[in-house]
Amino acid sequence: MTQSQPLLEINGLSVTFPSEAGKVEAVRGVSYQVMPGEVLGIAGESGSGKSVSSLAVMGLLSRRARITGSVRFEGEELLGAGDKDLSKIRGGRIAMIFQDPLSALTPVITVGDQIAEAVRIHQNVSKQAAMDRVVELLNLAGIPNPQQRARAFPHEFSGGMRQRAMIAMAIANNPKLIIADEPTTALDVTIQAQILDLLQKAKEMTGAAIVMITHDLGVLAGFADRLAIMYAGKLVEVGEVDDVFYRTRMPYTMGLLGSIPRVDAVPGSPLTPIEGSPPSLTNLPPGCPFTPRCPMRVDICREKEPDLLRMNSSGDEHFSACHRSAEIEQKNLKGVDIFPASAAAHSLIEDLPREGRTPVLRITDLKKHFPMIKGAILQRRIGTIYAVDGIDLDIREGETLGLVGESGCGKTTTIMEILSLARPASGSIAVLGRDTAGMTPRDRFEIRREISVVFQDPMASIDPRMPISDILAEPMVTHGVPAEERANRIGQLMKMVGLRPEHNSRYPQEFSGGQRQRVCIARALALKPKLLVLDEPVSALDVSIRAGVLNLLEELKAELGLSYLFVAHDLSVVRHISDRVAVMYLGRIVETGDASRVFNHPAHPYTQALLSAVPLPDPGKERARRRIILKGDLPSPASPPSGCRFRTRCQKFADELNDQQRQMCMEVDPVLSDQGNPGSDHRAACHYAEGELN
Amino acid sequence: MPPLGIFFLRRVVYLAVVVLIATSANYFLAATALNPRSNFEGRNPAPPPEVVDAQLTSLNLNDKTPVVQRFGHWASGVWHGNLGLTIDHESVNDEMRRRVGVSLRLLLIGSMLGSFCGIAAGAWSAVNQYEFSDHATTILSFVILSVPTVVLAVFLANAGSSFNDAIGHRLVYNTGEYTPGLEAWTSAAIINRLQHLVLPSLVLTLQGLAFYSRYQRNSMLDAMGSDYVRTAQAKGLRRPQALIHHALRTALIPMGTFFAYEFTLIFIGSIFVEKIFSWHGMGEWFVQSIQKNDVNATAAIGMFVAVLVLLAGFLSDVVTVILDPRIRRG
Amino acid sequence: MSSIPTPIVEEPVETTGHDSRIRLVLSRFLRRPLAIAGLVIVLLLFAFAYIGPHFYKWRYDQIDFEAFLQHPSATHWVGTTQNGFDMLALTMRGMQKSLIIGLIGAVLSTAIAAIAGATAGYFSGWTDRSIVALIDLILVLPGFLIIAILSPVFHGRTWLIFVVLLAAFQWMITARVIRSMTLSMKEREFVYAARFMGVPDWKIIFRHILPNMSSFLIIDATINVSSLILAEVGLSFFGFGVQPPDISLGTLIGDHWEAAQTANGYQFYFPAILLVILVLSVNLVGDGLRDALDPNAGSTSGKGSASR
């Protein structure tokens, strides 16, 4: 890279907000540079200050924020500049892409008009010329029928399409710098792949530099040139992407990398969690904010906050903020050396062959359709949503089944059906051998002891007005467990999940997100169930906390002989925790089998695409990968395509098959089969599944 | 038929059904609660029962006739456009025609002015949040909303009077709709009417302003703090433009729904204004009908109000559709 | 077999608890001088209405034959009416009625709204549709009209019927709001968790859903107080509400408004101004409560008063 002037230069940026609890120091003296045409990734968890620092660059923070420091763009100082001057730069030379395109676009103005507005602010063109440019941009962004779509409103677009429109708007004036704030966090993984691809294209078209803010290190591994890690409002490590991933010198980064489950991981390798949680930003104690969680802490860490120091050996632009960085560098310490690894949990049941174990849950040809209704008082049915359209599942004792799929595939509907123990409209559900169809309300009530649930958002799963003891007692009270026994059990449960029993009179708000999820797990175990249904149990938690909860789940499973139905969209997590896996698409299961087999040798094109879309926190591997990018959006569950449902997006259909073969896909709906390998557990629903299924 | 047409058609049918149910319920309530017979019995000398019965029957007010029958009679009359007779043996239709005009003239200017000023004041307040103009508007609205219409009307009536005394000339009037004796449609007559209109309209304007400004302020604040305003600025729009083009447009949408609600309040409010300022409109008539046990008049006014409320609701939908382009597409 | 995981050493995030939540709400409320002023004034007015008569020598039903239409003086602090009744005593008596009508009516109205709204929102289907239809129907005919028409029915009977009727026409809009709040809360995970545990429906509504709306319910009840007081005044003014021999601020205003422009205006202004102060103070308290309980609320839904 040629030595040139930095495009964006930030020096000593600090942002403070007033709040009821005191001053919140969201950003505390951050300095970095962005060179023209490079991609800088800024990674951090919640509270790290990554988004706030970028909003400060754009001057878009609320009036109550106190900002000090310097932000120079192409030599001009931006901080303190008036609205008039800043608005000339915004959208013209610096563009921003936000996380949630639904709330980021004005609901009552058409998408085309909003993009045209962006054009006309900075370019003196006629209305017609602006609209032409809009259509051109939408086309570049990969939106089909751009003429029509320009006249549509934001809510008529899918999530992925909306984000494409946002990107189109951002590049409208060929900016020099694009700031993307968590642009793919709200999107499914295959859509995320599409958007990242589009961002790459945008960068090539405009030659712009990109600042990419995200908590997902995997995304940055393949996309960023340089990486900056933020923690508690400060930069803790900055460097070239390979340096930061392979030669990290800061314990936080090491811990983070070690705690992320990877889809290419060796099965059975436990994650190394970072204990504790990110600090609150009011009244930070002196010293390094990572100290309470750092396994390498020494006295000086509590007294003095370390500066970003240049590392000597690896590339000249690698900085780390740790008192012991030099030591780490010298001894070439890795994450495994510093963070204690826990032994993998193992239960005796797992030694039994699968066929010999009791079935805990068996679902046969389950269907759940919803009528589409219009009208408030007088209601009419105008269609059907085929949310779940014939699936089979089988879970044995001591086994974890991972149910994977993107939004709209029907996995949430599936678990709701299971949990409500209702008699399904079509098909059957059998819990512990008992069919739900024949159950009386009394039966259902009894069976509820054996099956319980942990939901995604711990804050929303607990009634915030009840103390922990009441929360844990509720299932027991409902099922008539006597008071004395309850009190004992509550203490037992809390210890089991790693909480202190003395805290049982506290309220949920007093606990961190990870602890709250542990409370939910404890509640789910109160009646000693056999099956636990977990719906995205770690997606709402910070990355550094997920590992702890996942490890806990594995230990509990081994110790208590539980079975899990683990629903998630995050393949790395599913890979880590599942024994078996089922992949869902548009209401059907397209592939199922032993987890390592399916992940190592995916047979169905959708599974292959999913796996290829999952970002790996490993720059070398990321660069070497050939990514499969699916076309278009998920079809509507109200009108699934004829024949094979996946054919509209299937890369095989599009690229590899001949016309005769395509005919088959369009007419005949494939069923799950073992592809000519009788007795095999691994099955896929595809006419032309990939070879090796053994 | 385009989907929007069907949407409105459904609404009209629904509203018609509701009017029917409400009007009937209203008749039954009036017929059972009010006691016209007592009007006659209170007289001195008391007329003989047969005469009373005959009188009551001729007016369709006889409580000895089953109420369902009376309803049937009244309803068939209404179907043919005849709302029956008042307790003074006059045509309800005529009386209503006279009084509707009066009420309309009273309400129209005051309420429209009130809503426009209120929306403008609310938006202005939101943009200048926490500054003096915001505080002043908020306090003023708050106080006005705490004053019953009666008290506000009396207060303004007196204030008008004192004002007249202060300037030594009768500029505003606080009694009646106009001064009798002036030739209609001359400029003097029109000015005279306006002079009579000022004070009562002021009551309604102030109330409308207080009502709308609060809600518009909140709606505007919500919109101003939203992500899409931030995006608009990130595109390069200056803050005032972003607020007007993006925030204000979105903030106006809920106001459509308030329209119907505010309308009901205005009608009720007019009852007091007409009493205090001696305008002979529907409001005054309503009170008198009940006091005089005039079932037919009460039923007719009830029907009138039901139709108006539902019309206002319908208009509310129309305004919302105009303001919110998302609904047009369905 | 692995061992039991070691306890997590991290300390809880805040050391505030449930008691502190109340303290937090209280401190937010106390930070607003207007809200405090409102509360103080309301309490003072209560004292005025209920304790005042014990300290004043004239009773509301006492006629002073030597002082008809007397201006405020040392004997009659706010003067007397045409019939010799003491104005201050009348006002104190009237305020009692207005206050209690406001309070009972407000609580009743919010309670009806909570039950109807939560039931409609939680159970959906026909239950929901019929309650919504009922709400729409009642909303069509303004309560003022109906209560006015029905007023002959409670001539000479207790004013409690009047309060019930007032409440009966006040609950609808709140019920709608509660219904939509219930609809969204129903989809929240803690409700699902309770259902899948086997907790019965009614328990879910009363133990989980309604308590989580308590801020809204409290604020609503407070606003209802002022709405109902204003409604009472409007109806009693015409004789459609509180009936003689009962006295309320509305009857007083109705009896004496014509005197407002004359020299005997004190008969009107005294009760009228006290009424405005009362309603204003209640509204200030309501506003303060809203800020204290729910500082982020900026709702565009809401209601004005039924009649002003």
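This is a predicted model: local features need pLDDT of at least 70, side-chain atom pairs count only at pLDDT 80 or more; totals for chains, interfaces and linings use all residues.
## Helices in chains B and C

Helix α10 of chain B covers residues 239-277, which is 39 residues. A straight helix would reach 57 Å at 1.5 Å a residue, yet the end C-alpha atoms of α10(B) are only 47 Å apart. A bend of about 35° is found in α10(B) at B:Ala247. Most of α10(B) is covered, with 28 of its 39 residues buried.

Now for chain B as a whole. Its elements are 13 helices and zero strands. Some overall values for the chain are gathered here.

| Property of chain B | Value |
|---|---|
| Span of the C-alpha trace along its principal axes | about 85 × 65 × 40 Å |
| Residues that count as buried | 44% of 330 residues |
| Share joining residues at least 24 apart, among contacts between residues at least 6 apart in sequence | 72% |

Helix α4 (residues 87-123) and helix α7 (residues 160-168) of chain C pack with their axes 8 Å apart, at an angle of about 45°. Because of that angle, α4(C) is oblique to α7(C). The crossing in which α4(C) passes α7(C) is right-handed. On the α4(C) side, the contact is made by C:Ile101, C:Ile104, C:Gly105, C:Leu108, C:Ser109 and C:Ile112. From α7(C), the residues C:Val163, C:Val164, C:Leu166 and C:Ala167 take part.

How values were computed. Residues are numbered from 1 along each chain as its sequence is written. Chains are lettered from A and ligands numbered from 1 in the order in which they are written. Helices (H or I, at least four residues) and strands (E, at least two) are DSSP runs, numbered from the N terminus. The expected span of a helix is 1.5 Å times one less than its number of residues. The bend at a residue is the angle between axes fitted to the seven residues ending there and the seven starting there. A residue is buried if 20 or more other C-beta atoms lie within 10 Å of its own, exposed if 12 or fewer, and partly exposed in between; C-beta atoms are placed from the backbone. Axes are lines fitted to C-alpha atoms, for helices over the stretch in contact, and angles run from 0 to 180 degrees between N-to-C directions. Angles under 35 degrees count as roughly parallel, over 145 as roughly antiparallel, 65 to 115 as roughly perpendicular and the rest as oblique. A crossing is left-handed if the near helix is turned anticlockwise from the far one by less than a right angle, and right-handed if clockwise. Two residues are in contact if their C-beta atoms, placed from the backbone, lie within 7 Å.
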